[in-house]
Amino acid sequence: MEADSTFDKPYKILMIGDSGVGKQELMLHFVKDNEQKVGIDFKIRTIELDGKKIKLQIWDTAGQERFRTITTAYYRGAMGIMLVYDITNEKSFENIRNWIRNIEEHASKDVEKMILGNKCDMNDRRQVSKEKGEQLAVEHGIKFMETSAKASNNVEEAFFTLARDIKLKMDRKSDASGQSSRGGGYQLKKENTPKKSFWRCTIL
């Protein structure tokens, strides 16, 4: 029987993207009253996935992105990354490619990623179509959602989806490690199938 590894290691999730796209608003909306006061650098929320309690440690860049000073130390240990742009700001969308390059340089090779088109409640000021967001996500094999902290659209879904992807990857690694220790010679295969989301942003 598998040992209970509840709270073994928190899932470190980073919020990456240009300044002003709403990273902190998404983080605070998700954490809400579940917040544990543990410091100024990150917030924590405990969720339950498949009967197991998991602690999510969510980090905001705290303004570092304004000076492009996000360092390797910030990425260290990250298991998931939310790449956030503002649908009313095309430049913030174009810069997602730069942030992906930055992640490739500094983060772990197998970090789980998700692209979020934020502020989808402001559809009348939209500069980036949902299709463009989906195309970019498919191009990089990353999941995509449009979100709004203000209208409570897909915020919970986004964090839970990323957390579930991290858990699945960790479970596969654990299984592979167990097989290897028993001499099974199990090889973990990399998934190359682009992931696509069909979440809709409902305008209220």
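**View 1. Helix α5 on the sheet.** Helix α5 lies across β4, β5 and β6, with contact meaning heavy atoms within 4.5 Å. Its direction runs at about 160 degrees to β6. Axes are lines fitted to C-alpha atoms, for helices over the stretch in contact, and angles run from 0 to 180 degrees between N-to-C directions. Helices (H or I, at least four residues) and strands (E, at least two) are DSSP runs, numbered from the N terminus. The model is predicted: local features need pLDDT of at least 70, side-chain atom pairs count only at pLDDT 80 or more, and totals for chains, interfaces and linings use all residues. Residues are numbered from 1 along each chain as its sequence is written, and side-chain values use heavy atoms, with hydrogens and water left out.

**View 2. Helix α4 on the sheet.** Helix α4 lies across β1 (11-16), β4 (80-86) and β5. Relative to β4, α4 runs at about 160 degrees.

**View 3. The α4 and α5 pair.** Two packed helices are described by the angle between their axes and the distance between the axes. The axes of α4 (residues 96-106) and α5 (residues 130-140) come within 12 Å and cross at roughly 25 degrees. That makes α4 roughly parallel to α5; angles under 35 degrees count as roughly parallel, over 145 as roughly antiparallel, 65 to 115 as roughly perpendicular and the rest as oblique. The crossing of α4 past α5 is right-handed. A crossing is left-handed if the near helix is turned anticlockwise from the far one by less than a right angle, and right-handed if clockwise. On α4, the residues I96, R97 and I100 meet L136, E139 and H140 of α5. By class, this contact of α4 with α5 holds 3 nonpolar, 1 polar and 2 charged residues. Ala, Val, Leu, Ile, Met, Phe, Trp, Tyr, Cys and Pro count as nonpolar, Asp, Glu, Lys and Arg as charged, and the others, Gly among them, as polar.

**View 4. The open sheet.** Six strands form an open sheet in the order β2-β3-β1-β4-β5-β6, with mixed pairing. β2 (42-49) and β6 (143-146) stand at the edges, each with a single partner strand, so one side of each has no neighbour in the sheet. Neighbouring strands are turned by 25 degrees against each other on average, direction ignored. Two strands pair if DSSP finds at least two bridges between them. β5 (residues 112-118) and β6 pair in the parallel sense over 4 bridges. M114 has K143 in β6 as its bridge partner.

**View 5. G80 in strand β4.** G80 is found in β4. G80 is buried, with a relative accessible area of 0%; buried means under 20% relative accessible area, exposed over 50%, partly exposed in between (1.4 Å probe, protein chains only). The C-alpha atoms of G80 and K12 are separated by 6.5 Å, although the two residues are 68 apart along the chain. Beyond its neighbours within four places in sequence, G80 is in contact with K12, I13, L14, V111, E112, L162 and I166.

**View 6. Helix α1 and its end.** In α1 (residues 23-31), the buried residues are K23, L26, M27, H29, F30 and V31. Just after α1, K32 takes a positive phi of about 45 degrees.

**View 7. Two loop residues with positive phi.** K119 lies in the loop between β5 and α5. Its phi is positive, about 65 degrees, although K119 is not a glycine. K119 is partly exposed, at 22% relative accessible area. S152 lies in the loop between β6 and α6 (155-181). S152 is not a glycine either, yet has a positive phi of about 55 degrees. S152 is partly exposed, at 48% relative accessible area.
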